[in-house]
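Thanks for coming, everyone. I have one structure today, and I'll take it chain by chain before we turn to the interface. Here it is.

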Amino acid sequence: MLASESPARTLALSLWRHAAGGATDAAALAHAAAELAGSLRRGLDRWIGADGYRALLGRALDETRPVMPVLAGLSAREPDEMALQTAVAQHGADALANGMVAMLTALIELLARIMGEDIALRLVEEAGRSGPFRAKSRDGAEESHG
Amino acid sequence: MAKSHTSPGKRAGRPTVELLDTGVPGLNEVLGGGVPALSFNVLAGGPGSGKTTLALQILFATATTDQPGLFISLLGETPLKMLRYQRLFHFFESKRLGTDIHLLDLSEDALEGDLDRLMLRIIAEVDRLRPLVVVVDSFRSLLRVHRGESSTRDVEQFIQRLAQHLTTWEITSFLIGEYLESELRDPVFTVADGILLLSQEVNRNSVVRRFQVVKARGMASMPGLHTMRITSDGVQVFPRIPQRSLIIEPRGTERKSTGIPGLDEMMGGGVPRGDSLVLAGPTGTGKTTFAMKFVAAGLAAGEPAVVAIFEEHPDIYLDRAHVVDVDLVEAVKVGQLRLIYLRPLDLSVEETLEEIREAVEEIGAQRVVIDSISGFEMALAPAFRQDFRESLYRLIGALTGLGVTIFSTVEVVDARSSSGLQLTGYQVSFLTDDILSQRYVEMEGELRKVLTVVKMRGSDHSREFRIYELTPGGVRLRESLRDYDGILTGMPSRQLRLPAPTHPGLLEQEALVLEIVARSTTMQAEEIGKQVGLPPDQVERILDRLVHLRYIRQSGDSYGAYGSPGGA
């Protein structure tokens, strides 16, 4: 980790690595990106509303997509997994990783400007880690999925 | 944060309702002990009245990881904005978001108007989290979306069902609604167990926030409007009638020295412990000096004191004390004296009382000085100034309930008026036990200061007027003005004081004539008349009566007393 890395970027990296796991092929990586986007949407929807999340994600993508064409499959609505897969095949796994981290970082920073860094980091982390790879049951016990 | 419950306990075998500690200073007291568990409450008030802040503050105070708090946002303030501004309060702990405190934004569902779906989503979330407290913001905006008679009925039914569901899940809930007091007749409110109304009144440059319990099923809540303030710590409610004021400290025979030689004697030994004394006088008569001496006397006797000042900065006040040979700085440093400087111009009586009460309890004060009542009035918000007598009555009443001896100063506008003794312009003599009055008089070409004890409840006191001076050492009482009349006019005149008549049955003038005749051998009526200053016919009548009663004898035109050389 670079000494000058921001907390937002650190979290973004952590979330992507958690989501991607050890995946290397385009399909798995595209799926991981779509799932992570879905988790964030479901998690942040409850805190800032569907409209609020879509607006923030849209702004984050507007900032990062011009320099990260691999993110073409992501939109403020549902992620297009096929488009993501194609983008990975075209640009490479590293490009997707960099793109997702950049997009997440932008999202966190935008949220931080509105509600403060500590809340933004907390909410995004809760949302990002509560995907199918880490769900909570009714009694609070964590279930892990394969 | 551990959940805290306040359970009032059973009284004589009667069941009671479990109460939740709201965690909001002053609120439990107003509610009658806390919020009844499982109750369905409405938090009503206009925009900016503090509903969301209060609701979140309660949420943070009551939530735990096992029994979290849930804030459901329907329509109104967006959660983004709400979090942005609410995080500025000290009670808002970001690290508890997602563990103890959860937020659910249902604005889209609310806008779509599918109330059944809305209910399902709420039920699902409540079932998942099993919260202790739920806040729903806001239901009035839901009514606005669903206009029309049938839609309004749907919303009312929705709220009914929601209340039922939340109660069966053993949840204490708060519905936030932008309602003013005049709008609390909506049928929706019949569902609520409690209706808490927040308001704010803007009057000139002051904003007064108030809190009222409009309805509290099964609770002995405090009636009336209670002052409320929102600071960085959140909401604080100042109960209108502090519970402590209901505890009356018994008074004994102990007296508190005023610290001024001679004045204690005028008051029959000093100020009775627990009394409320008012020192009234025009500007420049040394009221603050008297007050400082009272404080100093207490400190010398090991009695801590609280001084509430409204007109001077504490540093200036302490400097002035030094000038009159009273060192209060050291007392402040060692915690024997607390200076409370209150001058926000939108103060409420309750806040003033709370500040003073806290200080009294912290240092164990036995004396309280209010300098001055006039300054206190100016510091109050206009809304409280309108009925200042009531405000003062509550303040003094509550303070005397603490067992302290109170010394208040009040400026009298014009003590030289011919209407007599001007005590205060506030007509608050009824609530003071003791009254000292200062005034100016013109004597021998100088403006002098005069002091008198007007009233001491249940205690004898001097009735004389005493000249006094303000000296570098403080106050020095000087001679009495018992040989003067017309002191209350501001221009006293010296009078010849004759001894009281020793002849029972005689009128004063008759006794005076008798005294004059008795002092001489014989006197003629004309001469007697000149000495007493009465008209001749009146003197004749008096002399005839005295002769008739055989006090004096008449010999021609002369009169003499019996036994005198000129008499028989």
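First, a term: by contact I mean heavy atoms within 4.5 Å. Keep that in mind for chain B. Take its contacts between residues at least 6 apart in sequence: 68% of them join residues at least 24 apart. One caution before I go on: this is a predicted model.

Let me stay with chain B. It has 568 residues, and 53% of them count as buried. Its secondary structure comes to 19 helices and 28 strands. The accessible surface is about 25,800 Å². Carbon and sulfur atoms hold 49% of that surface.

Now chain A. This one has 146 residues, with 48% buried. There are five helices and two strands. Chain A exposes about 6,900 Å², and 51% of that comes from carbon and sulfur atoms. For contacts between residues at least 6 apart in sequence, 64% in chain A link residues at least 24 apart.

On to the interface. The size of an interface is often given as the accessible area lost when the parts come together. Here, chains A and B bury about 1,800 Å² between them. Carbon and sulfur atoms account for 55% of that. Which residues of chain A lose the most area to chain B? They are R46(A), W47(A) and R122(A). Together they make up 41% of what the chain A side buries.

What about polar links across the interface? The rule finds 13 residue pairs in polar contact, both partners at pLDDT 80 or more.

Next, charges. Over all chains, the structure holds 33 salt bridges. Two of them cross the interface of chain A and chain B. Here is one to look at. The side chains of E125(B) and R46(A) meet at 2.3 Å, N to O. R46(A) belongs to helix α2 of chain A, and E125(B) to helix α5 of chain B, residues 115-129. Are these two residues buried or exposed? Both are buried.

E125(B) has a relative accessible area of 8%. The cut-off for buried is under 20%, so E125(B) counts as buried. R128(B) comes in at 34%, which makes it partly exposed.

D127(B) pairs with R130(B) in a salt bridge, with the closest N and O atoms 2.8 Å apart. Then there is a network of salt bridges. It links E254(B), K256(B), R273(B), E303(B) and R367(B).

Last stop: R87(B). Where is it found? R87(B) is in the loop between α3 (79-86) and β6 (101-105) of chain B. It is partly exposed, with a relative accessible area of 28%. What does R87(B) touch, leaving aside neighbours within four places in sequence? From chain A, the list has I114(A), M115(A), G116(A) and I119(A). From chain B, it has F92(B). A polar atom of the R87(B) side chain lies 3.1 Å from the backbone oxygen of R84(B).

To recap the points I'd like you to take away. About 1,800 Å² is buried between the chains.

How values were computed
Residues are numbered from 1 along each chain as its sequence is written. Chains are lettered from A and ligands numbered from 1 in the order in which they are written. This is a predicted model: local features need pLDDT of at least 70, side-chain atom pairs count only at pLDDT 80 or more; totals for chains, interfaces and linings use all residues. Side-chain values use heavy atoms; hydrogens and water are left out. Buried area is the accessible area (1.4 Å probe) that two parts lose on being put together, summed over both. A salt bridge is a side-chain nitrogen of Lys or Arg within 4 Å of a carboxyl oxygen of Asp or Glu. A polar contact is a pair of N or O atoms within 3.5 Å; within protein, one must be able to donate a hydrogen and the other to accept it, and residues adjacent in sequence count only if both atoms are side-chain atoms. Helices (H or I, at least four residues) and strands (E, at least two) are DSSP runs, numbered from the N terminus. Buried means under 20% relative accessible area, exposed over 50%, partly exposed in between (1.4 Å probe, protein chains only). Accessible areas come from the Shrake-Rupley method with a 1.4 Å probe; for residues, only the protein chains shown count as cover.
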